Amino acid sequence: MGPRRRQERGLRADRQPVRMIAEIASRLEAPAFVYDLAALDAHAAAVRAALPGVELYYAVKANPDPELLRVLAAHVDGFEVSSAGEHAHVGAVLPGARLAVGGPGKTDAELCLPAHRLHVESPYELRRLLALRSRADVLLRLNLPLETAGAALTMSGPFGMDAHGLAECLPLFTERVRLRGVHAHLASGLEAPALLDLASVLLAQHDEEVNVGGGMAVSYTAPERRFDWSAYGRGLNALRRPGQVVRIEPGRALTVYCGFYVTRVIDVRRVHGAAFAIVHGGTHHLRTPATKGHSQPFTVLPTGSGPGVEDTPVTIVGQLCTPKDVLAGEVRTSIRVGDTVVFAMAGAYAWNISHHDFLMHPKPAFHYLT
């Protein structure tokens, strides 16, 4: 049985999302994802306004939820997809949307997908493309040895090509398979000044289209600290030369804040003196804290009346048969059986990257605040 989806209307007066979730907590089937579509719409509009003259694509891999895509479509110039599945999904939700196709290991079928831009990752991939189709507009993905200190993740290794690969590709283009520019997503988790430093190198070296990727910093330990989109937009426009197309591809930084994972406490216990709260669901729904090694920010709504602990360091775990099923580790709180736990910042790389079928627990419900 697939996830259950429900629109929650008439809640726009108070835009504090946790309070809004508290209002509907009694009818939420736990666990559930709750997406605040109004907040996403406002955030995407603000990002768009901060980037005059810069093309904005959404990286669908962050969260392909159809309702989120429909909201974002009003604010972005296109969508970056990284598989035939994502291509078909976005095409079904948003027929006619402008798409860029990426991915490090494209099949022949993926190289033949219709797209506004195709991101080619190697000379061999370009040769395969030339043999497969007569028309394509290509960006060459670069893997440059640039400084990315402070990045949460660097996209080194097999992604894209070095200077030798670039030089090998340049003579291969034809009048129909055309080189439009370059693409470089070099790192994730960087603030605006560091991303602008990377962009400055790319924009100085290449004349036509330059896609500088995403990688905007998102803090799970200080959710109130947001990426400085205004500074980034001003910086990109200062670097952009006349006639040069500059494109960015944020994912996490667009949708992460609109999502919440809502669950309830099944048990509270002490083991060797340590306090644990076991909740419905777990990292098979919300993989983010396990992949990033952090405690997911949360709020406890006092909906329970069972046993619990007061003002104590608590580790919140899920239902999986593994000690790695940790959503938050040793965070001081008060919590009891039956309480509702609202995990924030669950709008990106959460449900869609999780190992849903491990132990075959029920899928979460999906609710949308409008």
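Tutor: Let's start with Met 345: its relative accessibility is 2%, so it counts as buried. Keep in mind that we're looking at a predicted model.

Student: Where do I find Met 345 and Leu 359?

Tutor: Met 345 sits in the loop between strand 18 (340-343) and strand 19 (365-369). Leu 359 is also in the loop between strand 18 and strand 19.

Student: What about peptide bonds? Which residues does a cis peptide bond join?

Tutor: For that one you read omega. Between Ala 30 and Pro 31 the peptide bond is cis, with omega at about 0°. You'll find Pro 31 in the loop that runs between helix 1 (17-24) and strand 2 (32-36).

Student: Now a helix. How many residues does helix 8 have, and how far does it reach?

Tutor: Compare its reach with what's expected. Helix 8 (residues 192-205) has 14 residues and spans 20 Å from its first C-alpha to its last, close to the 20 Å expected at 1.5 Å a residue.

Student: Which residues of helix 8 are buried, and what covers them?

Tutor: The buried ones are Ala 192, Leu 195, Leu 196, Leu 198, Ala 199, Leu 202 and Leu 203. Their cover includes strand 11 (209-211), helix 9 (229-239) and strand 12 (245-248).

Student: How do I describe two helices that pack together?

Tutor: You give the angle between their axes and the distance between the axes. Here, helix 8 and helix 9 pack at about 15°, and their axes are 10 Å apart.

Student: Why are helix 8 and helix 9 called roughly parallel?

Tutor: Because angles under 35 degrees count as roughly parallel, helix 8 and helix 9 get that label. The crossing of helix 8 past helix 9 is right-handed.

Student: Which residues meet there?

Tutor: From helix 8, Ala 192, Leu 195, Leu 196, Ala 199, Ser 200 and Leu 203; from helix 9, Ala 231, Tyr 232, Gly 235, Leu 236 and Leu 239. Sorted by type, that contact has 9 nonpolar residues, 2 polar and no charged.

Definitions and conventions:
Residues numbered from 1 in each chain as written. Predicted model: local features only at pLDDT ≥ 70, side-chain atom pairs only at ≥ 80, totals over all residues. Heavy atoms only, no water. Helix = DSSP H or I, 4+ residues; strand = E, 2+ residues; numbered from the N terminus. Expected span 1.5 Å × (residues − 1). Buried < 20%, exposed > 50% of the residue type's maximum accessible area, 1.4 Å probe, protein only. Contact = heavy atoms within 4.5 Å. Axes fitted to C-alpha atoms, helices over the stretch in contact; angles between N-to-C directions. Parallel < 35°, antiparallel > 145°, perpendicular 65-115°, else oblique. Left-handed = near helix turned anticlockwise from the far one by under 90°. Nonpolar A, V, L, I, M, F, W, Y, C, P; charged D, E, K, R; others polar.
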